[in-house]
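Subject: A structure for you to explore

Hello,

Here is the structure I promised to pass on to you. Have a look at it first, and then read my notes below.

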Amino acid sequence: MTVQPIRALGEPVGSPLWWVRRLHQIILNRLTDIEMYDNYYAGRHPAPWLAPQAQTEFRRLLRMTRSNYMGLVVDATVERQRVQGFRLGDDPAPDRELWRIWQANDFDVEHVQGIRDSTKRGRSFLLVGPNPVDPATPLMWIEDARESAVDYVPGTNRRVRAAGLKLWVDDWTAMLNATLYLPDWVYKFHARGKGGAPSSSTFWQPREVARESWPAPNPLGVVPLIEMPNIDRCGVSEIDDVIPIQDRINKTLADRMMSQDFGAFPQKWAIGYPTEDESGNKNTPIDVGRDRMVTSDVAETKFGQWDAAPLDPFSAAKSEDVNDIAARTRTPPQYLLGRMVNIPGNAMEAAESGLVAKVTDRRMLPERSFEEGMRLVRVAAGNALPSDVQIETDWVDPQFRTEAEKADAAVKKYGAGITTLRQVREDLGYTPAQIARMEAEDEKAAGDPLTAELLRGLPGRETGGGGS
């Protein structure tokens, strides 16, 4: 990829137009890599190399050589990252108001898409904004890395955002639009590039919006576009360093397919077979079949066949490459190889320990982005949190266990007084909304003498309570 220099000639450093051009160039610089990652994730891999003279003949085979492991690597990491609530300060219960806003924005689904885009492409973005219709429910969006960029104040270790840019193409006018977010102001721009698509020749100019006055003050006081990087603060795709291994697998499969077509069936030969019969007529080609016998009146004629080309070496080479992917990405072998027969539970847990550890590590960066986003949500709702009150993200347990295993462990810890009833319910996978309903039912049951008497003998129910 050719990376263009990030500059905005002729504009004062830090001016709105300077920022638009700079951030737009950041987006352009990453488009080639993003397209590659998207293609490998979807299984649209480049065809393996073949000699030019063989490409036409083997084109049909090349279309069948793609075996996509990149999608599995990404999905295995993403499917174990699910947010189920947020806690404020020392409160053991998830905050219901933040969860209400989260669900109102359909972030039960959207946050997974953000994590998937970040895992696949190296980064995605979270945008927070006021809701003019319902101020108590601020708006949240997951933004595409092909259309968004953030830059940081130098020397702040990428913690203080200096500016953010959101691009989109108007389907009706084919015009490229942009919103520039600065800590104090928000600007609108548009451009008429070739076909409205982002290009280095795009010419930016201020955009007027009907019935609105721009630039407008930024009510949040900070750039509301938050980057969600993967692996490190600069953002690295989960499949970046295993793409060459995927290419090796595709090449091995191409070689195997050609061997199957041209070498897997034993080739027969004949020596001394007459080309003409006794009358001088040309002999017809030998018709070989399971119900036929080939004979010759010429004593010197000999028949035989060559051995078929072995296919086992190709399978072994592919398995070695798949194991390399599994080792490098810490993806359990059963995900990639599909081999899982009579595996005991402790062996399965050991096989997945690397993936669980990786997921626990990977979710730290999106966790920080989500928590900052939810803090901005409180600001947008006019209910800012004190600076000393921390937000904690509550994740679903990344380790898969059977219901019996989870219930047995939870009941034992609860019976030993190690955890509370609320924690037991969280460990069993109940959502904050389900736990809230259970606690309401517990309180209602505590007020009913008959129900309270029936529950009195159960562990933890001696006082009739149900919450903490």
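**What I found**

The chain has 15 helices and 13 strands; these are DSSP runs, numbered from the N terminus, with helices being H or I of at least four residues and strands being E of at least two. Please keep in mind that this is a predicted model, where local features need pLDDT of at least 70, side-chain atom pairs count only at pLDDT 80 or more, and totals for chains, interfaces and linings use all residues. Residues are numbered from 1 along each chain as its sequence is written, and side-chain values use heavy atoms, with hydrogens and water left out.

**The chain as a whole**

Of the 468 residues in the chain, 41% are buried, where buried means under 20% relative accessible area, exposed means over 50%, and partly exposed is in between (1.4 Å probe, protein chains only). The accessible surface of the chain is about 26100 Å², and carbon and sulfur atoms hold 53% of that; the areas come from the Shrake-Rupley method with a 1.4 Å probe, and for residues only the protein chains shown count as cover. Among contacts in the chain with a separation of 6 or more, 65% are between residues 24 or more positions apart (contact means heavy atoms within 4.5 Å).

**Two helix pairs**

Two packed helices are described by the angle between their axes and the distance between the axes. Axes are lines fitted to C-alpha atoms, for helices over the stretch in contact, and angles run from 0 to 180 degrees between N-to-C directions.

At what angle do helix 1 and helix 6 cross? The axes of helix 1 (residues 16–42) and helix 6 (residues 107–121) cross at roughly 105° and come within 9 Å. These two helices are therefore roughly perpendicular to each other (under 35 degrees counts as roughly parallel, over 145 as roughly antiparallel, 65 to 115 as roughly perpendicular and the rest as oblique). Ile34, Tyr37, Asp38 and Tyr41 of helix 1 meet Arg116, Lys120 and Arg121 of helix 6. By class, this contact has three nonpolar, no polar and four charged residues; Ala, Val, Leu, Ile, Met, Phe, Trp, Tyr, Cys and Pro count as nonpolar, Asp, Glu, Lys and Arg as charged, and the others, Gly among them, as polar.

Helix 5 (residues 96–104) and helix 11 (residues 364–380) pack at about 100°, with their axes 11 Å apart, so they too are roughly perpendicular to each other. Here Leu98, Ile101 and Trp102 in helix 5 meet Phe370, Met374, Val377 and Arg378 in helix 11. The residues of this contact divide into six nonpolar, no polar and one charged.

Start with Arg362 in helix 10 (residues 345–362). Is Arg362 buried or exposed? Arg362 is buried, at a relative accessible area of 12%. Its side chain makes a polar contact with the side chain of Glu238 at 2.9 Å. A polar contact is a pair of N or O atoms within 3.5 Å; within protein, one must be able to donate a hydrogen and the other to accept it, and residues adjacent in sequence count only if both atoms are side-chain atoms.

Ser124 sits in strand 2 (residues 123–129) and is buried, with a relative accessible area of 0%. The Ser124 side chain reaches the backbone oxygen of Gly114 at 2.7 Å.

Pro224 is in the loop between strand 9 (216–217) and strand 10 (225–229), and counts as buried at 3% relative accessibility. Pro224 and Met140 are 84 residues apart in sequence, yet 9.8 Å apart in space, C-alpha to C-alpha.

Enjoy exploring!
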